[in-house]
Amino acid sequence: MEKRILLIIGGGVAAYKSLELIRRLRERGAAVRVVMTQAAQHFITPLAAGAISGERVFTDLFDTAQEFDVGHIRLARECDLIIVAPATADLMAKAALGLANDLASAVLLAADKPVLLAPAMNPQMWANPATQRNAAALRASGLGFIGPNEGEMAESGERGIGRMAEPEQIRDAALALLNGGPLKGKRAIVTAGATLEAIDPVRFLSNRSSGKQGYSIASALAAAGAEVTLVTGPTALAAPLGVSTVRVESAREMLAACEAALPADIAVMVAAVADWRPAAVAEEKIKKTEAGIPALSLTENPDILATLSKPGKKRPQLVIGFAAETEKVEAHARAKIARKGCDWILANDVSGDVMGGDKNQILLITRESAETWPLMSKAAVAQKLAQRISETLAGKSAGRG
Ligand code: C5P
């Protein structure tokens with residue numbers, strides 16, 4: 001069936017490339033309907049976009065005729081995918097905040113379909129912490145990104161990261177999203193965050209895990225087409241779009257939720273599960289008494305990674321654990337693969353500010369190999385991992401794994 005794409009053109013010089021993008025999408029049989037921001041119309045005209053798309057172009061949230069005929073809700077719904085190209089810093093900021101004061105931002109807020117953003121801006125604007133925060137928030141909400149690329153800026157000649165991805169790249173990323181990614185038909189379970197182990201009704205034991213890495217991995221696997229269940233301890237993060245999120249507190253609840261999500265093809269255990277919990281939870285708040293400081297007696301928690309790794313019919317094809325280490329990272333990670341029975345370990349040195357931070361440096365250990373990944377954002381780690389998982393499962397199903 002013909003795929004319908006809604007292309008939102010933002011106000012940047014790269015808008016001229018969006019006309020080429022319309023052609024490339026139509027060549028592949030997609031129907032393209034265009035929304036242009038006011039700013040975009042300084043760079044290209046609705047007439048040009050309309051002539052190339054062969055459809056009426058929408059520009060105004062407050063134009064009675066446009067709203068009456070189709071309206072922003074129908075624009076958002078009557079498509080299979082929304083592409084924003086160029087996605088300017090301003091459009092991204094609006095989308096990250098949920099503003100809806102013009103047609104493009106209102107459509108994005110009303111969207112219930114996958115969204116692919118192709119950012120384009122000056123390298124300083126892209127690198128600005130505000131833009132990076134917005135990009136991270138949009139990624140965490142499940143929106144996809146293509147680019148920006150490194151290269152020369154059309155307007156200033158400056159070099160850096162900020163060039164919009166080429167029309168063919170955007171088209172290919174869009175078609176991959178539409179046709180289902182490489183993990184289409186695969187089920188994945190991801191754990192994230194810390195567990196919370198009650199001492200009494202008000203006190204608990206926990207740790208500093210933010211959940212960022214696990215949430216990014218859940219999003220990246222979903223973006224690659226997998227059906228993902230994210231089992232998460234308490235975090236301050238919003239549930240990623242397109243992922244089924246189960247919130248739990250204790251390690252035992254986390255294990256039960258993981259087992260309930262089986263069968264799965266992939267399990268990525270990112271959560272920082274508490275190794276021990278109080279042996280008994282006091283029913284009432286423990287009072288300060290003259291008897292002095294209470295002794296806390298601990299008992300071992302179940303090991304979720306080891307449990308899911310156990311051989312058997314329900315064992316996921318690929319079970320992946322994390323190892324937060326502060327020394328002898330590779331040796332400890334290898335020992336962990338053997339001890340837990342998992343397939344891969346992503347080891348990271350947490351002696352820096354990895355926990356709660358936005359970057360991560362990974363050593364990927366499989367039974368056969370070890371590879372060091374450069375320091376990168378947690379979102380980039382997630383994307384690279386999703387890609388490695390896709391390649392491995394494709395290899396296995398072809399009998400090469
Ligand atoms: O043994 P350690 O806690 O270092 O192992 C870390 C790996 O094991 C992580 O993947 C973590 O999610 C998982 N784990 C688990 N259940 C536990 C302890 C750790 O799933 N009780």
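Lys336 is placed in helix α13. In this predicted model, Lys336 has a relative accessibility of 14%, and because the threshold for a buried residue is under 20%, Lys336 counts as buried. Its side chain forms a polar contact of 3.1 Å with the side chain of Glu325.

Apart from neighbours within four places in sequence, the residues in contact with Lys336 are Phe322, Ala323, Glu325, Gly341 and Ile345. Lys336 is also listed among the closest residues to the ligand.

## The ligand site

The ligand is surrounded by 13 residues, of which the closest are Met269, Ala271, Leu305, Phe322 and Lys336. Phe322 is therefore of interest on two counts: Phe322 is in contact with Lys336, and Phe322 is one of the closest residues to the ligand, while the buried state of Lys336 rests on its 14% relative accessibility.

A polar backbone atom of Met269 lies 2.6 Å from an oxygen atom of the ligand, and a nitrogen atom of the ligand is 3.0 Å from a backbone N or O atom of Ile304. From a side chain, an N or O atom of Lys340 is 3.0 Å from an oxygen atom of the ligand. The ligand taken alone exposes 440 Å², and the protein buries 86% of that area.

## The eight-stranded sheet

Strands β13-β12-β9-β14-β17-β18-β20-β21, in that order, make up an open sheet of 8 strands with mixed pairing. At the edges are β13 (244-247) and β21 (370-372), each of which pairs on one side only. From one strand to the next, the twist averages 15°.

Strand β12, covering residues 227-232, pairs with β13 in the parallel sense over 4 bridges. Within β13, Arg247 stands opposite Thr232.

Two helices pack on this sheet. Helix α10 (residues 212-223) touches β9 (187-192), β12, β13, β14 (266-269) and β17 (318-325), and its direction makes about 165° with that of β9. Helix α13 (residues 329-340) touches β17, β18 (344-349), β20 (362-365) and β21, with its direction at about 150° to that of β18.

## Leu364 in strand β20

Leu364 belongs to strand β20. Its relative accessible area is 1%, so Leu364 is buried. Not counting residues up to four places away in sequence, Leu364 touches Trp344, Ile345, Leu346, Ser369, Ala370, Glu371, Trp373 and Arg388.

Between Leu364 and Asn348 the separation is 16 residues in sequence and 8.9 Å in space, C-alpha to C-alpha. Ile345, touched by Leu364, is also in contact with Lys336.

## The β7-β8 hairpin

Strand β7 (residues 149-152) pairs with strand β8 (residues 159-163) in the antiparallel sense, over 4 bridges. Gly151 has Gly160 in β8 as its bridge partner. The hairpin has 6 residues between its strands, and Gly157 takes a positive phi near 75° there.

## Val70 between two helices

Val70 lies in the loop that joins α3 (64-69) and α4 (71-77). With a relative accessible area of 13%, Val70 is buried. Leaving aside neighbours within four places in sequence, Val70 is in contact with Arg33, Phe58 and Leu75. Of these, Phe58 is 12 residues from Val70 in sequence and 9.3 Å from Val70 in space, C-alpha to C-alpha.

Terms used: Residues are numbered from 1 along each chain as its sequence is written. This is a predicted model: local features need pLDDT of at least 70, side-chain atom pairs count only at pLDDT 80 or more; totals for chains, interfaces and linings use all residues. Side-chain values use heavy atoms; hydrogens and water are left out. Two strands pair if DSSP finds at least two bridges between them. Axes are lines fitted to C-alpha atoms, for helices over the stretch in contact, and angles run from 0 to 180 degrees between N-to-C directions. Contact means heavy atoms within 4.5 Å. Buried means under 20% relative accessible area, exposed over 50%, partly exposed in between (1.4 Å probe, protein chains only). A polar contact is a pair of N or O atoms within 3.5 Å; within protein, one must be able to donate a hydrogen and the other to accept it, and residues adjacent in sequence count only if both atoms are side-chain atoms. A residue is near a molecule or strand if one of its heavy atoms lies within 4 Å of it. Accessible areas come from the Shrake-Rupley method with a 1.4 Å probe; for residues, only the protein chains shown count as cover.
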